[in-house]
Amino acid sequence: PPLHKLRCTHLIIPPTMEPPNDHEMEMQPIIPPRGADPDGRKISGSNNDFRKLMMQSNSNRRTMATAVAHGESIMAMADGDVKKKKMLLVFLGILMVALAGMVAVKGDAVDVEKIVEEGEIEVAHHDDATITTTGVGAKSKSASSPVHTIDLDGYLPKSMVLDSNYVFPGTEDAPPLSAAKGRPYYPIINHFQNRNPTGFYAKKWGYFDLEDPDPKWKGKMRPQPDFASAPNRDVKSTDFPDGAWQKDKEYMTRFLEEAKKLVNRTIEAVYGEWGVGIPQDGSVELTDEFMVHREEFYKWPKPSDQSLDGMTRRFIHHIMTGDSFKLVLGGHSAAAGHGAGFNASYVHQAGLVLEPVFAHLGVEFRSYNFAQGGMGTFQQALAGMDLRGKDADMLIWDSSMTEKNPPLTNFFFRQGLLAGDRAPFLYSGGGADPSAFEAIGASVGGYGELGYSPITTSDEQAETLPWAARYYKCGSGGAAALCKANEYDGKCWVEREDFTPEAKQDELVGGQAKWHPGPRVHRGRGRALALSVLFMLQHALDKWEELGAESGYPVAEEHWHVTDFYNSIKEKVTTVGGCYEPYKIGQTRRGLRETEGRRLDLEGTWPNRLCNVPMQGRSLWGPRVNPMESSLLSILKPNAFGDLDPNIGNNPGYMQGPDYFPPDRAAPWSTPPEPEVNPWEIAGSRRLLDNSHVSNANQILYSGNISENHLALPSAEEDAMARGTVNATAIRMLAEDPDAIVPGLGFTAKWGRPGVCDGTTHGWCQKMKDVSCLYSGAQDNRGMICFNPLSGWLVFDVKNVKHGFIGARIEAWHGDKDVDMLTKDWTEVNNGGKGNYQKEGLERHLLQKEQQESDARYLEDMATRIQEDILLDDPNGRRLGGGQSCGATGDYIFEFAINGKIVASWDKDAFCDHYTRTGYNLDLIKFMDDEGMTGDIELAMRMSPAHSNKKGTMCITHLYWA
């Protein structure tokens with residue numbers, strides 16, 4: 001019989017051969033790279049190796065049989081030599097004769113599942129393909145077996161949650177999906193809530209078919225320990241109560257069986273996108289050519305045993321405890337997806353595949369893209385992990401165009417280890433080499449790249465290729481231009497029935513540049529990244545099963561507790577070199593000059609000791625995790641009226657909701673049509689709970705003080721009095737003493753993009769009717785707080801300073817237009833202690849309108865500045881020093897105070913002396929460098945009104961401390 005007709009999902013073994021166990025059957029779905037180490041994956045090698053395999057004992061023959069059972073073409077093990085192929089066919093002929101007399105019909109499951117989801121009940125019937133008794137090459141057929149019912153109602157979460165419980169004071173009534181309100185979602189709380197075998201791909205590829213084997217618990221949540229009571233959720237094994245699934249052998253056996261099938265199926269689906277995957281129904285013909293291409297498709301750069309052990313520990317821990325798993329990227333404009341689209345960026349293309357896999361395993365997975373156009377990563381890394389999330393599990397640096405100095409990459413990774421709650425896996429590649437951290441126990445490795453792809457030779461021929469492979473690689477000559485012509489296909493809008501944007505939508509996502517890859521390149525890179533995670537997860541499930549077989553469930557704490565593992569790595573980070581030792585960080589903008597009375601070591605450069613301490617920070621640049629909580633606004637001191645932001649009543653960007661609500665309609669340029677292979681649908685074969693509960697949110701009006709009845713609009717002072725937040729003493733101080741170090745009333749917060757811009761595909765960022773490309777998903781943001789000599793003091797509460805350092809990124813080059821709107825009618829500091837708080841009626845309405853117009857202008861200017869900086873990313877061009885002048889509107893006096901005492905008063909020249917250049921467009925000011933000063937520190941800054949120039953303006957974008 002034809003060799004390529006062998007089925008991949010069923011194999012009957014003659015009595016002379018030992019049947020393969022389930023462990024082998026499920027855990028080897030993909031042909032490994034040649035030379036992979038012998039952990040059950042080495043089934044490809046030289047001819048001599050293959051001859052030895054043919055002649056070895058039953059145990060080794062079992063390995064070969066396993067390969068066939070997994071869709072392996074044994075022909076792929078051999079060279080192209082004809083004689084050897086004939087020998088193989090003779091052997092297989094004998095094997096098939098034995099098979100013909102041994103085949104048993106496996107009954108098909110005909111599932112009738114009651115899916116209860118928000119009042120909707122669906123009944124699904126579906127048949128699994130099985131082998132027939134007619135021998136090799138036979139087609140599948142269906143059969144019936146007893147019906148089983150799964151009631152999902154008891155598994156569904158009862159309420160939605162937010163990533164952060166932080167509420168910015170005064171935003172309690174913010175509209176849905178504003179930055180202040182966040183985007184709620186249904187949490188992952190078990191292994192069943194997304195079970196849905198009714199999807200289009202379920203019959204062909206299979207689905208996650210887990211049900212609780214104990215009738216007592218069917219349809220019910222099993223009891224769990226209080227994970228929150230233990231550091232990193234490291235409860236003791238004895239804390240698992242009776243009935244917990246983690247200690248139930250029968251449950252664990254079924255769960256691991258289905259989990260391994262799930263990972264196997266997902267890997268095959270990714271291979272299937274390029275035409276070399278093997279579906280469960282065995283419908284693919286395993287020709288020699290197919291198997292060669294399959295082996296060439298992906299070469300997993302397998303990490304070291306140490307790194308794999310660390311990831312195995314992490315995977316088992318997260319699944320056992322229901323912890324989250326987060327994949328985090330920092331980088332430049334190409335990594336951000338400029339030219340392709342934010343959701344098309346490769347880290348999200350990996351997350352698209354991985355999220356449903358982890359959901360079935362009871363783990364909330366998120367991919368985060370914190371790349372920023374025209375910048376690198378240092379401006380984020382100086383804040384430790386406060387802007388990127390302290391619970392990162394994997395960290396990717398991709399900024400080779402903008403950060404060519406190795407210490408910057410080193411700083412990025414070491415802060416990932418020092419400043420977070422976990423010790424993430426560090427990815428290499430793209431110029432990043434975190435291998436030095438492996439010596440201290442950290443897990444490191446690469447994700448490789450895809451190899452084989454069908455070649456596109458013409459537009460007509462492209463239509464015959466697998467969807468993902470079209471224009472991915474093109475032939476030589478004239479055909480080569482086809483890939484270039486189809487490089488960028490991300491469009492800006494898909495029509496929907498409930499909303500039409502006012503702005504005409506652009507034809508394509510903007511940002512095309514020769515150094516910005518298109519969606520196809522991102523897709524391929526993202527799939528390679530996803531495969532690297534899946535292979536590590538596969539290894540972990542295999543190990544978990546092995547440990548359970550040896551010692552029972554739950555497996556011993558030494559195999560899955562992570563606290564000591566994390567801490568051991570963190571404690572040794574300081575022993576790894578490659579940061580800024582023995583140099584200081586940055587260069588001064590001018591030659592240093594002594595300033596009389598200077599204290600706290602205020603020379604311009606920053607100390608290299610920051611390499612070895614966990615940094616903290618807040619910013620208004622984005623994207624960033626939990627945008628409201630990680631913002632500069634969150635650490636401001638309340639002013640005399642109880643507001644952190646004096647402009648909060650004027651509908652600032654963080655209080656603006658979207659003009660339409662999620663989800664976006666599926667984009668045909670990024671979603672393969674049925675029946676093309678769709679790996680995230682195959683990985684999930686599930687129905688996600690609908691997070692678009694806010695689809696009727698347009699009926700939920702903002703309940704703040706924006707009113708159509710302009711004459712009835714109360715003053716902000718009246719609002720504060722109604723809240724009971726007025727501080728009469730502070731108001732008197734503002735009026736009587738303009739130099740009193742109390743929070744001023746005249747600064748303005750330029751928030752930037754409205755909406756939830758948190759670096760994820762679950763965010764809902766700048767979905768406004770006047771945006772010209774709503775599907776670009778861009779989250780690059782450059783917000784800031786600006787102040788002038790009439791604004792008063794800008795006062796921050798800097799919490800938990802442990803190493804005596806405070807600094808900031810400040811832009812001193814802005815003109816008066818950036819704050820003039822708030823202070824344009826003022827003649828004295830804080831407007832005599834009243835600010836704009838007494839404006840009411842039409843006057844306040846006009847102020848609100850001006851605020852919105854100012855925000856719109858700022859968004860346009862911000863986008864222009866980002867694009868100008870991106871042009872400097874060209875790897876073939878020179879990236880000059882960047883940054884701006886130390887002041888664009890004449891001289892000024894800049895002052896700052898620590899804990900209520902003025903430390904320095906600098907004119908323009910002195911301020912410029914203390915500017916520290918650390919990278920392109922990254923000029924920093926140091927406020928405190930004294931290891932003896934720790935605890936909670938009050939930092940205040942202002943432009944002094946004593947100077948005659950009242951038009952000077954400064955803006956702060958980041959505040960850092962350690």
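1. Basis. The model is predicted, with local features requiring pLDDT of at least 70 and side-chain atom pairs counted only at pLDDT 80 or more, whereas totals for chains, interfaces and linings use all residues. Residues are numbered from 1 along each chain as its sequence is written, and side-chain values use heavy atoms, with hydrogens and water left out.

2. Helix pair. Helix H6 (residues 249–273) and helix H15 (residues 519–551) have axes that come within 10 Å and cross at roughly 155°; helices are DSSP runs of H or I with at least four residues, and strands are E runs of at least two. H6 is therefore roughly antiparallel to H15 (angles over 145 degrees). The crossing is left-handed, meaning that the near helix is turned anticlockwise from the far one by less than a right angle.

3. Contact residues. Contact (heavy atoms within 4.5 Å) involves, among others, Phe255, Val263 and Tyr271 of H6 and Arg527, Leu531 and Trp544 of H15. The contact residues comprise 14 nonpolar, two polar and five charged.

4. Largest core. A nonpolar core is a set of buried Ala, Val, Leu, Ile, Met, Phe, Trp, Tyr and Cys residues joined through side-chain atoms within 4.5 Å, buried being under 20% relative accessible area with a 1.4 Å probe, protein chains only. The largest has 77 residues, of which Phe255, Tyr427, Leu531 and Trp544 touch the most other members. H15 supplies the largest share, 13 residues.

5. Beyond neighbours within four places in sequence, Leu531 contacts Ile267, Val270, Tyr271, Phe297, Tyr298 and Leu450. Another core, of 51 residues, lies apart and includes Met628 and Tyr915.

Notes
Axes are lines fitted to C-alpha atoms, for helices over the stretch in contact, and angles run from 0 to 180 degrees between N-to-C directions. Angles under 35 degrees count as roughly parallel, over 145 as roughly antiparallel, 65 to 115 as roughly perpendicular and the rest as oblique. Ala, Val, Leu, Ile, Met, Phe, Trp, Tyr, Cys and Pro count as nonpolar, Asp, Glu, Lys and Arg as charged, and the others, Gly among them, as polar. Buried means under 20% relative accessible area, exposed over 50%, partly exposed in between (1.4 Å probe, protein chains only).
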